[in-house]
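Please read the numbered points below alongside the sequence and the model.

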Amino acid sequence: MEQFVFLGIGLPAWITIASLVAIMVALARTHAPLEVVYLGAVTVLLVTGVVDEEEAMGGFASEPVIVHAAFFVVIAGLIQTGVLYWLSKNVLGRPGNYRLSIIRLVVPVSVLAAFLNGTNTVAMFIDTVKIWARTLNMNPSRLLLPMSYAASFGGMCTLLGNTSNLVISGLYLEKTGNSLHIFAPLLPGLILTVVGTFLVVILRNFIPKRESSEQSFETTSDYTVELLVPTENQAVGKTVQEAGLKQVNGGSLIEIVRFDKEIIMPVPDDEFVLGGDRLIYAGQINEILQLKKSHGLVAADHHVYDISEIGSDRKLRTAYVTFGSDLIGTSMSTNDFEHQNDMALVAVARQGKRVEGQPREVRLQAGDTLLLECPPKSVDQLEKVNRRNLQFFDSHFVPQLSKRTITAALILVLMFVISSFHIMPLMASTMLASGAMLLTKCCRMDRIVKYIEWDLLLVLGSTVVLSTAFSNTGIASAIADGALQLFGTNPYVVMCVTCFLASLVTQFVTDVGCAAIFFPIVWHQAMILGCNPMPFVMSLMLSVTFSYSTPIGSTNNMLIFGPGSFRVGDFARLGIVLHLVLFVLMMVVVNLIYPI
């Protein structure tokens, strides 16, 4: 395998390149889970001998993985003791106009993102911001997009702010044996945050107004609802007119689907009602759903004999189809999701508009809003089972504030103080903080698992292995040499071109993967040119976070895509401006702070 050489690089390098291409294709063309894709690539590298067992295992025992795992425990303590709840509920207030609303939201989100990771902050604030938007009589999309951008801005200011920052910090530690300071990117990150916030405020008209889907369930007069007629129902044997099922409060019967798949549309007044019929209504959902009580209809994925078969304590809940969900491209009639989870689909919304056809026949897309009749479980229990496929709107809970709330906040502050003054390395301080959360009972051991993002830890470990392969096989040095041949030996030009390419790739590939791929390249460039590597490293660290223009390159944007009823193109107008302006500013600021 070592003897094969093509275009100056050997077979291990081509296997690594093929693995990278396979990752990109899988992420773009399939709905395979992110961690499965990355672990598959690592498996290929290990089996073919591109990396050995020590290098493969070393990736999963690296600093970014351990720091993130420990920090998840810290986050669990902050959530369970109510620290984050108190913050999210008490910092927004009642601003007088849209401009002040953005400022009131962006400032605390940016600050929290710097300390708690941008993705954690967005996940925490989504429900609060949607409720806040209602009280301000405003489209949630007008606040959710600034919140996502603010979390990305604030995340640039510390190593904990973005997961990609930790990846680059870990790779830097491997190369130099020295840890980056937790506030290493603070000064350039702070400048970019201020300018980015200013741009969001002055360009606020670029932010689209999208009607919230679950709000549309309550107010729109043009949604499709599906209800089933049990066999023992008083309407069976009567015409739809006699049974009072044709014209109803808030809507009308537009279609009947018989148990043998016969479709009756339009529905004549003298059409008889049969047991097992699925009645498709168009109208105002809250009015139509009264038929469940008044006429004994049910929401079900299978034929029922009597209404008593459907528990009376079941609840209607709103959920969004997540990116990467197994439901994408399928319909409820062709998958077994309802049966496996004891749920029944009632209605589907897509970007605030009615989805034509029978709800259970609709081919689902990422961001679709589903109105589901669910078993009487807590939202936490529902999310634990369906986390990969659905994000529930009413996912927040109200914790009891107590002395442990203050204890958890103090542990967080001490963690940053210890790390900031180099009393302990970042990895040691986060592990100490997680242990303190457990010892003071700020978080319960049996609930920690819920807060640990195992898939993210697997992706983090995999990206470190991938970066090792890029470096060891000579790909990074080959690309670095090629860039020097194309753009000369001016370090500013080489750095600018490479980092701009990274900022483009991160629009479509996760910032974590992009950081792992490009770090060996910029490091080799700095070494070949004999330059200080810090401006190269810092420029890359900031560049890979500029994923403002698409929903798929940024976890923050993915999280708000469904709740805000966004379209894919909604991120481009403001996102492209932010990308270009902040990139130019970043290159100037970084090179002023870290001279080459």
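1. Ser169 is a residue of helix H9, which covers residues 163–176. The model is a predicted one. Is Ser169 buried or exposed? Its relative accessibility is 2%, and because buried means under 20%, Ser169 counts as buried. Leaving out residues up to four places away in sequence, Ser169 touches Glu63, Leu159 and Leu180.

2. Glu63 also takes part in a helix pairing, that of H4 with H17. Helix H4 spans residues 63–80 and helix H17 residues 426–439; their axes come within 8 Å and cross at roughly 30°. Angles under 35 degrees count as roughly parallel, and H4 and H17 are therefore roughly parallel to each other. The crossing of H4 past H17 is left-handed.

3. Which residues make the contact between H4 and H17? From H4 come Glu63, Ile66, Val67, Ala70, Val73, Val74, Gly77 and Leu78. From H17 come Leu426, Met427, Thr430, Met431, Ala433, Ser434, Met437 and Leu438. Sorted by class, this contact of H4 with H17 comprises 12 nonpolar, 3 polar and 1 charged residues.

4. A second pairing deserves a separate reading. Helix H6 (residues 98–116) packs with helix H10 (residues 186–202) at an angle of about 155°, and their axes are 10 Å apart. Since angles over 145 degrees count as roughly antiparallel, H6 is roughly antiparallel to H10. The crossing of these two helices, H6 and H10, is right-handed.

5. On the H6 side, Arg99, Ile102, Ile103, Val106 and Ser110 meet Thr193, Thr197, Val200 and Val201 of H10. The residues in this contact of H6 with H10 divide into 5 nonpolar, 3 polar and 1 charged.

6. In soluble globular proteins, nonpolar side chains tend to be buried together. Here the largest nonpolar core has 129 residues, and Leu78 and Met147 are those with the most contacts inside it. Helix H22 (residues 511–529) gives the most to this core, contributing 11 residues. Leu78 is also one of the H4 residues in contact with H17.

7. What does Met147 contact, its neighbours within four places in sequence left aside? The residues in contact with Met147 are Leu105, Val109, Val122, Phe125, Ile126, Val129 and Ile560. Another core, of 24 residues, lies apart from the largest one; among its members are Leu253, Val267, Leu297 and Ala344.

How values were computed: Residues numbered from 1 in each chain as written. Predicted model: local features only at pLDDT ≥ 70, side-chain atom pairs only at ≥ 80, totals over all residues. Heavy atoms only, no water. Axes fitted to C-alpha atoms, helices over the stretch in contact; angles between N-to-C directions. Helix = DSSP H or I, 4+ residues; strand = E, 2+ residues; numbered from the N terminus. Parallel < 35°, antiparallel > 145°, perpendicular 65-115°, else oblique. Left-handed = near helix turned anticlockwise from the far one by under 90°. Contact = heavy atoms within 4.5 Å. Nonpolar A, V, L, I, M, F, W, Y, C, P; charged D, E, K, R; others polar. Core = buried A, V, L, I, M, F, W, Y, C linked by side-chain atoms within 4.5 Å. Buried < 20%, exposed > 50% of the residue type's maximum accessible area, 1.4 Å probe, protein only.
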